[in-house]
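Trainee: I'd like a close look at one part of this model, and then how that part sits within the whole. Could you take me through it?

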Amino acid sequence: MISQWQLRAAFARRLSDMYGREVPAYTTLVDVSHEVNEDVLRAQGADAERLGSISRVTAERHGAIRVGTPRELEQVARIFGALGMHPVGFYDLREAAASAVPVISTAFRPVDGEELARNPFRVFTSLLTPADPRFFDAGLRARLETFLASRTLFPPELLTLADRAVADRELPDEDAERFLQLAVQSFELSREPIDRSWYETLEKVSAVAADIGGVRSTHINHLTPRVLDIDELYRRMTDRGIEMIDTIQGPPRWSGPDVLLRQTSFRALAEPRALRQPDGSVTSGALRVRFGEVEARGIALTREGRARYDALLARVDDQVAEQPGADRGDLARALWTEGFPGSEREVARRGLGYFTYHAAAVRPSGTPPTTLGELLDQGWVRAEPLVYEDFLPRSAAGIFQSNLSGEGSRNTEHEGAAYDSGWLSDAIGREVLDPFTLYERQQNHSLDQVARELDLFTAPR
């Protein structure tokens, strides 16, 4: 019998192999990531594994896919549910991007700490929003919805096996092999000819809309390794002649603790695709839809910490607008140094980040204090940071936007269609989990354990 986490690990490996065959530059990205990680490990020793063991970091991937309808997203949820992955977080990329990116998103991932340690595979999954009149008028919406309703992304056999894996939390070896074959095939780039006229109609609205609704299949858009020094990776990839996007999205590089998520990518590559012309003939063309993203992960921030991050980001935007000739990275570092704690301990003390807390093996004599800050300061407990397992809508939109061939179109005279986490939960028939709640639950569990070990009346806060 093959357990869900084993299915998840095998699927991530096979997807990586497939994507490397289809996009050779991805293999280069993985190789350079490994080189950088090995160099960081040699230079920093145990400190390099502060946010995850090197074996976890090496195996870690997140993928990205795009679908067109709630029904398709519900089927995706069943497939990833077979791998022990749950929808976490609601992201509205329509509001986060300056370009036309008419999608909302969630991420499927493990939620239990032990499961994440075994294999932290995640898939950022975007859903097209045909009902948003800013992007699609009534006529185009009707054509798009008819097209999407006529296609089948996933074979019934795959969905049946997925449901069995969810119910039993495992699959027999032969069924597991068949599930993996069908699942990987479902995310390969289709060689079926694309209706050029229909694709170009959607591309005028958004290249993302065309990639989702202009084809009769879905595919993996990027598969992201994790790196311990993303700035060094960016430099090495550039030195190898691979064109990277202009920036690294997320917090700046600075001297304090890494938090949240930093991302960059190589630019989407022109890949040969068969195009069906209006007269029925098929010609060879090229489309740019897949790119190579890479990420560096830091400490998960609390709601207060996230508000601090968002405020700092807004201040950076203001200063860049006021000083157009200034370097954005320099401005961000200066503001970050001024406005965010420069050590893990201060992040913990101020309640800005999530940690698991553990009673120290060697403790002071006397009676322990009752507040978390005093327990940390006096050496009664130690804090281990929780890795940020999720995404940043502005960073995701920035990656999408940096790989688009055009800005698309948006009619700002219309009000956008309303979507939220509740709507998405109803659409896929399962709760979209709140990431803050997941981190807080893990942190509180560790504090309850500290209270028991130190014989405290209540858990410290």
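What is the accessible surface of the protein, and how much of it belongs to carbon and sulfur atoms? After that, please look closely at strand S12: which of its residues are buried on each side?

Mentor: Happy to. This is a predicted model, so local features need pLDDT of at least 70 and side-chain atom pairs count only at pLDDT 80 or more, while totals for chains, interfaces and linings use all residues. Residues are numbered from 1 along each chain as its sequence is written, and side-chain values use heavy atoms, leaving out hydrogens and water.

The accessible surface of the protein comes to about 19800 Å², and 47% of that belongs to carbon and sulfur atoms (Shrake-Rupley method, 1.4 Å probe).

Now to S12, which spans residues 292-297. Strands here are DSSP runs of E with at least two residues, and helices are runs of H or I with at least four, both numbered from the N terminus. In S12, 6 of the 6 residues are buried, so the strand is largely enclosed by the rest of the structure; buried means under 20% relative accessible area. One side carries Gly292, Val294 and Ala296, the other Glu293, Glu295 and Arg297, and both faces are covered. For its partner, look at strand S9 (residues 261-266), which pairs with S12 in the antiparallel sense over 6 bridges. Two strands count as paired if DSSP finds at least two bridges between them. Within this pair, arginine 262 stands opposite alanine 296.

For comparison, turn to an open sheet of 3 strands, with the order S7-S10-S11 and mixed pairing. Its edge strands, S7 (194-195) and S11 (282-288), each pair on one side only. S10 (residues 270-276) and S11 are antiparallel over 7 bridges, with arginine 273 opposite glycine 285 of S11.

Stepping back, the protein has 19 helices and 14 strands. Its radius of gyration, taken over C-alpha atoms, is 23 Å, close to the 23 Å that the globule rule (2.2 Å times the number of residues to the power 0.38) gives for 461 residues, so it is as compact as a globular protein of that length. Buried residues make up 54% of the 461.

Technical notes
Buried means under 20% relative accessible area, exposed over 50%, partly exposed in between (1.4 Å probe, protein chains only).
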